[in-house]
Amino acid sequence: MTRTAIYKMSLAAIFGLVSGIAGYQFYEHRHYQAPIIAGPGVTRVVKLHEYCPSLKGTPADTDVFFLEGAGDGGTVLLVANTHSNEPAARLTAEIFLENCTIQKGRLIVIPQFNNSGSRNTKPGDGYPLYFEIPTAWGKKKFRMGNRNASPLDSWPDPDVYIHYPDRSLLSYLDVRNTNRTWPGRPDGPLMERVCFAAMELIRNEQVDVAIDIHGAETMFPVTNCIVAPEKSSRIATMVQLMTQAMEGFTVNVYPSPQNFRGLSHREIGDYSNAMPFLLEAPIPFLDQPTGPKTEELLLTGRDPLLLSLARQGKLFVPYDEYGWPMKNRVGQHCSVILEIMNQLSQASPERAVVAENVPRYKDVLEHDVGYYYHNPATADPARVYPN
Amino acid sequence: MYLHIGVILLVMAAAYTAANRLKLSVELRMLSATLAGGITGAFFHTPPLMQLGRHMIEGSFTYLDVMLVFVTATIFIEIMATSGSVNFVVRGIVTTFFRVRMLALFLLMFVILIPGALTGAGSVSVLTVGAPCALALGYLGVSRGRSAAILFIIAGLSAAAPPVNIWAMIVSAGTAIPYVGFELPLGIPVLLLGTFTMLTLGWRQEQRLSLEQVLAEMPPVPEGMAWWRVALPFGVFFGLVVIGRVLPFTIPIMGLPLQFVLSAAVALAVSPGPINILTLSRDTVKKLTPLLATMAVVGAMQQVMTVTGVKGLISFAVISVPLIMLYALLVFIIPASEGVLTYGGAAIIGIPLVWFLDSRGLHATVVIAGLSLLWPLGDGLPPTALIGRLTMMVTEYRESYISFLKKTWIPWLAITLVGILMVIFSAKLAFLVEWSM
């Protein structure tokens, strides 16, 4: 055997080994199940495919949790992990699922809306595969997902994604983005079916308020805010005023653009009676000019490069040495959601949704996020939903 | 943090320089820098050592879609070239417009623009239609040096032209800005600058030949070749694209790679002579391997630079520059980034730059279009000088590389000016995006 042949075979072997290890890590990530515990308020759990049968058996199908109160009232829908690289959404949804009880009305929670995206990674962006939240009983481990569904589940992409039914032209990647495929259709690409199922749920369950939880870069103008269309703007403004006055944090209100189609805050309002709200909390991890993309940055939101840019006035949110820790983002989401429910109840008492045992901003800051998660090892197995 | 990122950046630069000294190819130079950066990063646990392989592999998939388009589009174009279609078109243009020289130059510009516009790679234009077009330019009295300059500039513009602009696709994907609305912001400057290039470099007729002499010297066209054999494959491709746009909710999603494969099948079927598709595919992929490797390595490099914080530091440096100075620096930074990193420059500098300019109220799509005009210029700059070297090869220009570059200075300046003005006045040019949609 020549020296060149040995050299080539050695390189091939090293490449094979590295690829094998990486492949195993991707496989583990795609199949890792993070348990969701149905708390005392959860009355039933169904699959999303019940609202769109063509989702059945696909990797996009996901659990829908119902929390139903004894008294009549309205219905609020919480949608989390539309973008699975904005994890404060799922952490917030799980706080509601594990702790909340409903006195009046109903709360419906979809904690993993883009299930396929949560099992996908984002090539080029160097995310960690997982992150862990400290709790009283140990660390709870979550998958770090991607903004878009996995090409393993939805491929090929079109050269340009044409939004249904508006025909707006969007990036080819947006065919896998569940915040561009609303309101969807039952026989469209997979993510359109996910959004169609959610629209059917909203229409059939007569949802009054739909809240889609997100995160956005500190250098992106639409961050730290509530995005609301005309029909939701009064409540959004009241929430802004109330949280600022009562809880000491500021979220802005942005109108939902009429011509930018496919987004939840636009299409849910246009294609149902529900009032949509999209919540954005800052997530410094997603900003471009940051240091290494580590789990620590994801959880603390603390970065010296961003701090320097903040001092140059180049960020759209207040930012100092404290960063933007996960507990601030999750706490903010909890309070904004509770305040939306409160405002809905005040504006329309017959559609009131009264939730209890959900921490507010200051509670989450005091105890941190993991305090509100229960140990799946000691929970009733029938109440544990792997996801 | 600055120190440890700075150390990683220095190690990457040193590895790149060392690989350059060893005369390794550009993709191996970038791979060396990526590996060195990743291993150094692992000392700081950014990334953890056991994750380094995963980051390298994951990153190399960043531009998989683009690579698939690249391969299938190039096979399509190669079939067209092998069947004699390109020679047929060039001969047709020269014969018909020999006495209307400027019109012939204008049509040749389109012949050079089409392959690159369809594939997003100026190299495809150079490799497939470069040689016959350079010959045709010579028959029309353009000197060899100026022909090479024309081919380089127009091939660069072809890569920037719609529908496939890889720099814009990379930046759009990285900034979550839709890759739509680029047709006019890219198409109009490309056509204007292409015409300007043809006029400035092709105006002077340095030798005069008779049509008979020219036709005798031109490569032969296979017997049976006809206009319909040229038009049908392109018709199928554009037909598939158009039908997908007109009936998007009826026609299943095919994707560009399959559309190119189907068009290639038609091109194969209507070729006047037999073509060994297996040999052609193998040779095409062989020819493309350096470019495909570059794309894969650029993705891996992007990921390693992100996870180590190097990309963030570079972004930070770019964003921290005062806006006026930034505009001036773009003239150098953008082509230089392409010269060193090929498409990596779009990912590493383009993405944060567009984020920043977008947040300052500039129109992101027009900004990307403006920057896209500057990136191809870097394909003539060392150390890669990818298109520049290819151009010299296919035009058989034997003088020094510097003398070749000097011949491009007028269109180079015009492109730079237009690109920068598009960035600065992007908000005022937003109507081009709206009209495209």
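## An aromatic pair in chain B

B:F431 is partly exposed at 34% relative accessibility, while B:W435 counts as exposed at 62%. Here, buried means under 20% relative accessible area, exposed means over 50%, and partly exposed lies in between (1.4 Å probe, protein chains only). Both residues belong to helix α22 (residues 430-436) of chain B, where they are four residues apart, about one turn of the helix. Helices (H or I, at least four residues) and strands (E, at least two) are DSSP runs, numbered from the N terminus.

This is a predicted model, in which local features need pLDDT of at least 70 and side-chain atom pairs count only at pLDDT 80 or more, while totals for chains, interfaces and linings use all residues. Residues are numbered from 1 along each chain as its sequence is written, chains are lettered from A and ligands numbered from 1 in the order in which they are written, and side-chain values use heavy atoms, leaving out hydrogens and water.

How many aromatic pairs does a search of the whole structure find over all chains? The search finds 22. Rings of Phe, Tyr and Trp (its six-membered ring) pair if their centres lie within 6.5 Å; planes under 30 degrees apart count as stacked, over 60 as edge-to-face and the rest as tilted. One of these pairs joins A:Y371 and A:Y372 edge-to-face, at 5.0 Å centre to centre and 85 degrees between the planes. A:Y371 is exposed, with a relative accessible area of 52%, whereas A:Y372 is buried at 8%. B:F431 and B:W435 are also edge-to-face, with 4.9 Å centre to centre and 65 degrees between the planes.

In chain B, one aromatic cluster is made up of B:F76, B:F234, B:F237, B:F238 and B:F260. Rings meet charges too: the charged end of A:K141 sits over the ring of A:Y130, 4.2 Å from its centre, and that of A:K293 sits over the ring of A:F285, 5.5 Å from its centre. For this, NZ of Lys or CZ of Arg must be within 6 Å of the ring centre and within 35 degrees of the ring normal.

## Salt bridges

Side chains of opposite charge can pair when their charged atoms come close.

B:E206 forms one with B:R146, their closest N and O atoms being 3.6 Å apart. This pair links distant parts of the chain, 60 residues apart: B:E206 is in the loop between α10 (183-202) and α11 (211-217) of chain B, and B:R146 is in helix α8 (residues 144-160) of chain B. B:E206 is partly exposed at 40% relative accessibility, while B:R146 is buried at 19%. B:E206 also forms a salt bridge with B:R204, at 3.9 Å between the closest N and O atoms.

## Where the chains meet

In chain B, 56 residues are in contact with 55 residues of chain A, contact meaning heavy atoms within 4.5 Å. Between chain B and chain A, the count is zero salt bridges. On the side of chain B that touches chain A, α3(B) gives the most, with eight residues.

Terms used
A salt bridge is a side-chain nitrogen of Lys or Arg within 4 Å of a carboxyl oxygen of Asp or Glu.
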